[in-house]
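Please look over the sequence and the structure first, then read the points below.

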Amino acid sequence: MKIRDRLLLAAEREFAEQGTVDATLASIRASAGASVGALYHHFPDKAELYRQVWAHALRDYQRHFWAVVGDSADARAGVIGGVHEHLRWVTENRHRATILMSARPPGVHESESNRVFLTDVARWWRTHAGYGAVRALDVDVLYALWLGPAQEYSRQWLGGAVAAPPTEVAGELARAAWLVLAGAPEATQPSDD
């Protein structure tokens, strides 16, 4: 494994376990078996290292999520599969998930990979909304309804407030997401009053 990758993995663990404030470059460097020069060659400071760790975790999550949603047979399979994949990824990537629940560093949201991911998901959603399989929703509302409960459960699990791993509740949360997001004739839609 290359030194840069070892530094990223060591930093991921340190930031997840200690938090960004208490994590130290000395500890990260020692865990990675890297020299001071190697650390600063790849990452000029702690803020840049954190940004790179956060961006790496986000790209990994997005790659797995999109592989399930983008290849889904229909809207229902995509919505349900997306919730299952979200919760599987959190369960199997505890440190990365903890990083993504932490403060987002500047510049990550504007990255090309994030823009492509958000564009792909929005296009997928609009396609299915166009033929009435799902509700036409603004992306921010869509995210809250689709993954909000799964994200909150994940946050509680990562923080130790609940014991059952996210994968154990995936079926229930996925069904709930589909019930909320599925398209329906206007006459059966609840009013906003």
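The largest pocket has a volume of about 750 Å³. The model is predicted, and its protein chain has nine helices and zero strands.

**Largest pocket**

- The lining of the largest pocket is made up of 28 residues.
- Nearest the centre of this pocket lie Leu-58, Tyr-61, Gln-62, Leu-118 and Tyr-143.
- Two or more lining residues come from each of α4 (46-70), α5 (75-92), α6, α7 (112-130) and α8 (139-158).
- The element that gives the most to the lining is α8, with eight residues.
- By residue type, the lining of the largest pocket divides into 19 nonpolar, six polar and three charged residues.

**Chain as a whole**

- Along the sequence, the protein chain reads α-α-α-α-α-α-α-α-α.
- The C-alpha trace spans about 65 × 35 × 35 Å along its principal axes.
- The protein chain has 193 residues, and buried residues make up 40% of them.
- Among contacts with a separation of 6 or more, 72% are between residues 24 or more positions apart.

**Helices α1 and α6**

- Helix α1 covers residues 3-22 and helix α6 covers residues 94-101.
- The axes of α1 and α6 come within 9 Å and cross at roughly 60°.
- This crossing of α1 and α6 is left-handed.
- On the α1 side, the contact is made by Leu-9, Glu-12, Arg-13, Phe-15, Ala-16 and Glu-17.
- On the α6 side, the contact is made by His-95, Arg-96, Thr-98 and Ile-99.
- The residues of this contact divide into four nonpolar, two polar and four charged.
- Helix α6 is also one of the elements that give two or more residues to the lining of the largest pocket.

**Ala-30**

- Ala-30 is placed in helix α2, which covers residues 25-32.
- Is Ala-30 buried or exposed? Ala-30 has a relative accessible area of 54%, and a residue counts as exposed over 50%, so Ala-30 is exposed.
- Ala-30 and Ala-10 are 20 residues apart along the chain, and their C-alpha atoms are separated by 8.7 Å.

Definitions and conventions: Residues numbered from 1 in each chain as written. Predicted model: local features only at pLDDT ≥ 70, side-chain atom pairs only at ≥ 80, totals over all residues. Heavy atoms only, no water. Axes fitted to C-alpha atoms, helices over the stretch in contact; angles between N-to-C directions. Helix = DSSP H or I, 4+ residues; strand = E, 2+ residues; numbered from the N terminus. Left-handed = near helix turned anticlockwise from the far one by under 90°. Contact = heavy atoms within 4.5 Å. Nonpolar A, V, L, I, M, F, W, Y, C, P; charged D, E, K, R; others polar. 1 Å grid on protein atoms, 1.4 Å probe; cavity = no way out; pocket = protein on both sides within 12 Å on 5 of 7 lines; lining within 4 Å. Points joined across faces, edges and corners; volume = space filled by probe spheres on them. Buried < 20%, exposed > 50% of the residue type's maximum accessible area, 1.4 Å probe, protein only.
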